[in-house]
Amino acid sequence: MEPQGAIGATGATGDAGTNATVTNVETANAVEFNFTIPRGDVGATGPKLEIGTISTSHSQAPEDILN
């Protein structure tokens with residue numbers, strides 16, 4: 001008898017460099033797909049972003065800025 005009921009899915013993270021897999025688990029009443037997706041390798045660290053002093057000033061009163 002083929003499953004006639006619910007369809008479900010689970011997911012897991014596999015080790016970097018491994019293949020992605022999908023396993024079909026069938027019971028009398030349901031189908032479940034179990035996915036394993038490998039994590040990506042750690043990338044290189046980019047340059048550090050440094051933000052200097054930021055100043056804001058308005059020559060007008062706040063109510064004048066909106067008009």
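We'll talk about the sheet, then a surface patch.

Tutor: Keep in mind that this is a predicted model.

Student: Fine. In what order do the strands of the sheet lie?

Tutor: The order is E1-E3-E2. Three strands make up the sheet, which is open and has mixed pairing.

Student: Which strands stand at the edges?

Tutor: Strand E1 (7-14) and strand E2 (21-26). Each has a single partner strand, so one side of each has no neighbour in the sheet.

Student: How much are neighbouring strands turned against each other?

Tutor: By 15° on average, with direction ignored.

Student: Now the pairing. How many bridges join E1 to E3?

Tutor: Eight, and the two strands run parallel. E3 covers residues 31-38. One of the pairs links Ala12 to Thr36 in E3.

Student: And E2 with E3, parallel or antiparallel?

Tutor: Antiparallel, over six bridges. Val25 has Glu32 as its bridge partner in E3.

Student: Switching to the surface. Which residues form the nonpolar patch?

Tutor: Val22, Phe35 and Ile37. Together they have about 260 Å² of accessible area.

Student: Where is Phe35 found?

Tutor: In strand E3.

Student: Why does Phe35 count as partly exposed?

Tutor: Because its relative accessibility is 35%. Buried would need under 20%, and exposed over 50%.

Definitions and conventions:
Residues numbered from 1 in each chain as written. Predicted model: local features only at pLDDT ≥ 70, side-chain atom pairs only at ≥ 80, totals over all residues. Heavy atoms only, no water. Pairing = 2+ DSSP bridges. Helix = DSSP H or I, 4+ residues; strand = E, 2+ residues; numbered from the N terminus. Axes fitted to C-alpha atoms, helices over the stretch in contact; angles between N-to-C directions. Patch = residues over 30% accessible without salt bridge, like charges linked within 9 Å, V, L, I, M, F, W, Y side chains within 5 Å. Areas by Shrake-Rupley, 256 points an atom, 1.4 Å probe, with all protein chains shown as cover. Salt bridge = Lys/Arg side-chain N within 4 Å of Asp/Glu carboxyl O. Buried < 20%, exposed > 50% of the residue type's maximum accessible area, 1.4 Å probe, protein only.
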